[in-house]
Amino acid sequence: MDLGSKAGKHLKFKETYDRNTKIYTYEMTIVKVVDGDAGGYRCEVTAKDKCDSCTFDITVEGTLQYRKSVKGDAGEDAGDLDFSGLLKKRKKEEPTEPEVDVWEILKNAKPCDYEKIAFQYGITDLRGMLKRLKMMRKVEPKKSDAFIRKLEPAYSVEKGKKIVMSVELTDDNAQVKWLKNGQEIKPSAKYLFESIGGIRKLIINRSTLSDDAAYECVVGEEKCFTEVFVQEPPVTITKLLDDIHVVVGERVEFEVEVSEEGANVIWMKDGVELSRDGKYRFKKDGKKHWLIINEASKEDIGTYCVCTNGGQSKAELEVEDKELEVLQSIADLTVKAAEQAVFKCEVSDEKVTGRWFKDGVEVIPGKRIKMTHIGRVHKLTIDDVKPEDAGDYTFVPDGYALSLSAKLNFLDPPKIHLDTTGSMVSKNTIIVVAGNKLRLDVEITGEPAPTVCWRKGSAEGRVRVESRKNLSSFVIEGAERGDEGLYCITVTNPAGEDKADLNIRVVDVPDAPENVRCTGVGEDTASMLWDPPKFDGGAPIKGYLMERKKKGSSRWTKLNFDIYESTVYEAKKMIEGVFYEMRVFAVNGIGVSQPSATSKPFMPIAPTSEPTRLVVDDVTDNTCALKWLPPDRVGAGGVDGYIIEYCLEGGSEWVQANEVPVEKNMYRVRGLQVGEKYLFRVSAVNIAGRSPPAEIKQGVTIREITERPKIRLPRQLRTKFIKKVGEKVNLVIPFQGKPRPVVNWFKDGTPLDSSLANVRNSEVDSILFIRQATREHSGEYTLSVHIENMEDKATIEIQIVEKPGPPVAVTVTDVWGFNAALEWKPPKDNGNCDITGYTVQKADMKAKEWFTVYEHNRRPSCTVSDLVMGNEYTFRIFSENICGLSDDAGASKNTAVIAKTGLHYKPQPFKERDMSSSPKFITPLVDRSVVAGYNTAISCAVRGYPRPKIIWMKNKMIIGADPKFLMQNNQGVLTLNIRKPSLFDGGQYICKAVNELGEDQVECRLEVRGNQPENTHIPSRAPKIYVQRYEQLLAPLVKMC
């Protein structure tokens, strides 16, 4: 039984921790020991996955009463030689209360009062108390007419667990009521009612402290009672109290944190419980609890303790007298010449006097220096401040080891000494070449020493500032383009500020030219163009230097030695058919820029000759198709494509027909007007440009050409087109004719219904599409194309088929020997196609298993042979077409019986075997050694009939309904599961099997070892795997039993 939930006035627990030795000490105190406290106790300590425990026994002996020779009350300090009691006023002896028999009170009390009486008389073992009461009641209870089995006297459960209370009734249909503290319980998610035959159950899910009550089960006029005890887990202290040191009048807060939210704690001072009053205030938030003392006094000094039912924590409070409090300290002053300086301070005591010191020398009042003391305020006033007044001033209160200090600073405005200062209009410009070092020294004066800040525009520049007395320098190491701009130096101190501006100009070589490209090529020349650099380096661009190289080479060749001023250049003396690359440098007064990005490769090459044999291939009402051959002279650049142009005959404006050069030697020019004459020309294009054009000298007239319509029916559509039901039909039928023919579809001589099939027509073909074919789509489809009075037709026969129906009128016409003759008629529905055969199957009327006799039988009759004598057969037949067998079969109306030839079978009489036997263990228990804290199990196997009753014992004591043990019986395989065994679970275990024919038992010894080192890992599922394998080995033996 867990005693943590029973902590109170009778039981107290204390936990201490020694930080030096790092040892925890746990104490249990029993106040006013009674007989019920005798017995065995165990202390368990758990940390993470490790557990340890120790046991001890408490024996309660009767108290010895000594007769006193001297009457009176000697108090706590009385001893063998203490006669102080004789000097006190004698009091009348109060009559002693007679001893009370607790068990008589419990026998006559209601179950709902058990816990109250146990707490009153110090009984902590509720389960043992209930067992003793049960043994004391020797009078056999009155037999109940409604209950076969009543509720247990009491139920004990941990907080948060499930409670199951059950009764068994004599009448399976009787209705019951469940009451809690006299109030009827209604079914809900928390309270569940179960009824199985005569058994009625009340299930309480997730028990709470509110479920600790008296419960009744009412059937008609009869009742049975029980008591539910909900054990609350002990509340431990997770964060201990800290010692506090304060002065009189300060606020004190003791803070502690416990393991459970909403838990109750008791605050004590020097062993006396504190109550809520004006001085002490209690506060809690979740797991945290506070004891608050608003204004501490000397009376609050002592030891404060917070107690829970699972431990306690102590802390010391120390309160000291108030010292002289400085309400306002003197502050540093910074003043200018001729101004007034006032030092002021305020202390908590009005009667305190003091003295003023400057640099350790007492200040003497004079004309300019005055000292005042008004109440708690002390002042030192200095008029017409001079430089010699600067220094450290200190106020020292008389009689206290306390001093207040401050500093008087004398101010002098700062000043910058430059050749040019002040106005922003006249700027001092400094020019520096990029990469060089610039250093500027500026003389500065002011008191106190001013703060110097260098800025570039509105942001701090990239400079290094050096400061010395009366001198500030800024240095640019390796000036860059980003360092150019306006720099401002600002000096400030409390007396004022001064500014000066410097304009730094950084000159550098220009950026590289951009976008170098080739704009045209000749046979040995190339025209180059580029853009000037974005930044000229601060100096004008004088010109450019060019270099070129062959593609793939790393050797650059200079094209000019003198500066070339333009951005357009024609490179000469290059080899035709060779790829070149080029780059450009920019030049200013500082130097030469970095090279530009290399241009795309270009090849000096001449255009090709004109295309040859340009002819007109086809003419329609608005298009003209042209054909030609490649040029006779192509050259190294090849041909990239062709440009086609046209214009009206007699006109001079040529229109380009294609935006992108075409690679093929043919092209159809579209968008031409009917009746007009056009001229056409074609030019070849390569990297060098366009070739001379090839022209058609004679105008081409655009007119409408009539061509007779003709349908080109695909080969697979010239015969019957067969598809299954549900498949899609997609027929593409090409045709030709000019102008565009008119297309019509017919089905069986009538125009095609658009809801039956979809038709899509184009200039060159027509598409008939059916998404899901059905049998109504079968028929002759006719495609008609006509142009004016000319017409062409094509007929397509479409057949949509499906599986046939079953044969009908299947009959057994004759039976002889081991043969049977069958006949049937073809199916009523052939699936829209011819029947190709039949499949015949037979089945014995006993086994009802079908076997195929014939496949693809073409005739509507057959003879089935090799039938078994004495069996009765039935037959079924499937019809078959090109889609397959029918879904259903035609069954024979009669059966074929193969008669026997006079054989008779005489079975032997059956004699039932007697399986009764006394219990016998076929597999014994095996000694085991396990590790504490890991689940384990022991197993054995038994046989016997009738089924034996199984009893498990530990150290010859019967294991009852202990939740630590789980007993299982799976077809004779007996398993005892032990949940997280400790060292006390070791010992001798016995399994006993008993039935009316006898009994048998086996035993083993279980050794529980302490936890192994952390680097040793024992799988927690090992016992379960062992039991499963053991059951697999014993399963054949159990079946034999």
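**Charges, rings and one cysteine in a predicted model**

Colleague: Which residues form the negative surface patch?
Modeller: In this model, which is predicted rather than experimental, the negative surface patch is made up of D242, D243, D270, E316, E318, E320 and E323.

Colleague: Where does E318 lie, and is E318 buried or exposed, or something in between?
Modeller: E318 belongs to strand β22, which covers residues 311–320, and its relative accessibility is 44%, so E318 counts as partly exposed.

Colleague: Switching to salt bridges, how many are there?
Modeller: The count comes to 27 salt bridges, and one of them joins the side chains of D618 and R668, with an N to O distance of 3.1 Å. That pair links distant parts of the chain, since D618 sits in strand β46 (residues 612–619) and R668 in strand β50 (residues 666–669), 50 residues apart. R668 itself is partly exposed, at 28% relative accessibility.

Colleague: And which residue does E802 form a salt bridge with?
Modeller: E802 pairs with R775, and their closest N and O atoms are 2.7 Å apart. This pair too links distant parts of the chain, with E802 in the loop between β63 (790–801) and β64 (808–816), and R775 in the loop between β61 (765–770) and β62 (779–787), 27 residues apart. Both count as partly exposed, E802 with a relative accessible area of 27% and R775 at 31% relative accessibility.

Colleague: What about aromatic pairs, how many does the structure hold?
Modeller: The structure holds 13 aromatic pairs, including Y564 with Y569, an edge-to-face pair at 5.2 Å centre to centre with 85° between the planes. Y564 is partly exposed at 27% relative accessibility, whereas Y569 is buried at 15%.

Colleague: Why is the pair of W824 and Y838 edge-to-face?
Modeller: The ring centres of W824 and Y838 are 5.5 Å apart and their planes stand at 70°, and because planes over 60 degrees apart count as edge-to-face, the pair falls into that class. W824 lies in strand β65 (residues 819–825) and Y838 in strand β66 (residues 837–844), so the pair ties together parts that are 14 residues apart in sequence. Both residues are buried, W824 at 5% relative accessibility and Y838 with a relative accessible area of 4%.

Colleague: Last one, where is C488, and is C488 buried or exposed?
Modeller: C488 lies in strand β38, residues 485–493, and it counts as buried at 15% relative accessibility.

Conventions: Residues are numbered from 1 along each chain as its sequence is written. This is a predicted model: local features need pLDDT of at least 70, side-chain atom pairs count only at pLDDT 80 or more; totals for chains, interfaces and linings use all residues. Side-chain values use heavy atoms; hydrogens and water are left out. Patches are made of residues with over 30% relative accessible area and no salt bridge: like charges are joined within 9 Å, nonpolar side chains (Val, Leu, Ile, Met, Phe, Trp, Tyr) within 5 Å. Accessible areas come from the Shrake-Rupley method with a 1.4 Å probe; for residues, only the protein chains shown count as cover. A salt bridge is a side-chain nitrogen of Lys or Arg within 4 Å of a carboxyl oxygen of Asp or Glu. Lys and Arg count as positive and Asp and Glu as negative; His and the chain ends are not counted. The place of a charge is taken as NZ of Lys, CZ of Arg, CG of Asp or CD of Glu. Helices (H or I, at least four residues) and strands (E, at least two) are DSSP runs, numbered from the N terminus. Buried means under 20% relative accessible area, exposed over 50%, partly exposed in between (1.4 Å probe, protein chains only). Rings of Phe, Tyr and Trp (its six-membered ring) pair if their centres lie within 6.5 Å; planes under 30 degrees apart count as stacked, over 60 as edge-to-face and the rest as tilted.
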